[in-house]
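Reader: I would like to learn how to read salt bridges in a model. Can you take me through one?

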Amino acid sequence: MKKLHKLTVLLLTAALPQASAQTLELWNDKAADWGNSYTKVAAAAKSDGIDFKQVRYPDTTSYQAALRTAISARRPPDAFTWWSGYRMKALVDSGQLEDLTPIWNKYIKSGEYKADAAKPFTFGGKIYGVPNNVAYWVVYYNKAVYAKVGIKPPTTWAELMSNNDKLKAAGITPFVQTVDGRWQAFIWFEQFLANSDPAAYNKLMVGQLKYTDAPVKKVFATWADWIQKGYLTDPTISSDSSKPGAMQRQFAQGKVANILNGDWLTPQLTAVGLKANTDFGVFIMPSMTPATPPALIAESSPIVIPKASANKAAALKLADYWMSDKSQTLWTNLQSFSPVNLKSKSDSALTQNLIGQLKAKNYTLLNRIWEATPTEIIEPGVDEFAKFMLNPKTADAVEANLQKLADTYWSTHK
């Protein structure tokens, strides 16, 4: 069996793209439009002496299999994209990733990055990734609906609730909630906890708070209240913009006023005929009380450098270049992302508006629950959230089931 295993590894390794001493390889499993943008950044980087090309895998499963084979054979790519938080931890614990703290320290010291932005990639005080994408979770609002009802984007929780009441009175559902794709069931849970108690959010992610404790019970009570008042859509609504009744189309038709989502949603809304910053805008959900520190959910994914990279010195220069103002301005505009580098300029009026809101308050960035807590908890956990969304009377049972998942994991991982 050992001989067969070795032969399998050799065959798989022979089929892998090979690193070149001249041109670095950046592996990824992103969509084709991402691939086109990587290629454009690579073309621009050559003038700065950075030579790389993207190697794109068509799906996540084959991508992860190829990477594991390459890493186990000690022939990894020069750089590759991955996920943050607990989905990154196993690679860090295995000692496979290069410490990128010195590069981060340079940019934090220059004021180009907030230290908070590194947290999703930080383990044991060291930073192991540079930001491929940081998406902020904001509220998209329909400007025509707001004008029709006579409301403005809220700056306080009281204003938010008042808006919800006015929208309901006008026959418009205030917000979308959906269980489509399973994972989206966590969206409102993490948002309500972030807006009510950011410190409790961080404690829950690492097992220092229980799903049966008061801050979490408050979240489920608020969520149930919103469902009972009709502030949220039927959770079976589709999030596939190609379908007639999908949330994007109902938003465009003015049937629903707001969508809480990562700011990567913009292309999906323009695809149904809306014009960014003209037909829709964005705002950040306010804290539940004036005393609650402002917090913002961020979805972070890194580019990492393997320790065994055949061209490590050049790969580290690529990581440095990737964080630069020049690279981030090009990358984020190609992808319609909000730039993480504070000096980078966006050519999107919508994104510029969001950046202005981010600068107006000292928001604490909270890593999205999908990455911030162990997969052994959140993967089955989203089905518990969905159960609650379909029947809010199950709150007590759902809280208990979530805590059972947490107890099982943390009993062997502390």
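Author: We start with the overall fold and then turn to charged pairs. Keep in mind that this is a predicted model.

Reader: What secondary structure is there in the chain?

Author: The chain holds 18 helices and eleven strands. Its radius of gyration is 22 Å, which agrees with the value near 22 Å for a compact globule of 414 residues. Buried residues make up 53% of the chain.

Reader: How should I think about charges?

Author: Side chains of opposite charge can pair when their charged atoms come close. Here the chain has 46 positive and 35 negative side chains. The centres of the two sets lie 2 Å apart.

Reader: How many salt bridges does a search of the whole structure find?

Author: The search finds 16. One of them joins Lys106 and Asp320, at 3.0 Å from N to O. Lys106 sits in helix H5 and Asp320 in helix H13, so the pair ties together parts 214 residues apart in sequence. Lys106 is partly exposed, at 43% relative accessible area.

Reader: Which side chain meets Lys217 in a salt bridge?

Author: Glu399 does, at 2.6 Å from N to O. This pair ties helix H10 to helix H18, parts that are 182 residues apart in sequence. Lys217 is partly exposed at 37%, whereas Glu399 is buried at 3%.

Notes:
Residues numbered from 1 in each chain as written. Predicted model: local features only at pLDDT ≥ 70, side-chain atom pairs only at ≥ 80, totals over all residues. Heavy atoms only, no water. Helix = DSSP H or I, 4+ residues; strand = E, 2+ residues; numbered from the N terminus. Rg over C-alpha atoms; globule rule 2.2 N^0.38 Å. Buried < 20%, exposed > 50% of the residue type's maximum accessible area, 1.4 Å probe, protein only. Lys, Arg positive; Asp, Glu negative; His and termini not counted. Charge placed at Lys NZ, Arg CZ, Asp CG, Glu CD. Salt bridge = Lys/Arg side-chain N within 4 Å of Asp/Glu carboxyl O.
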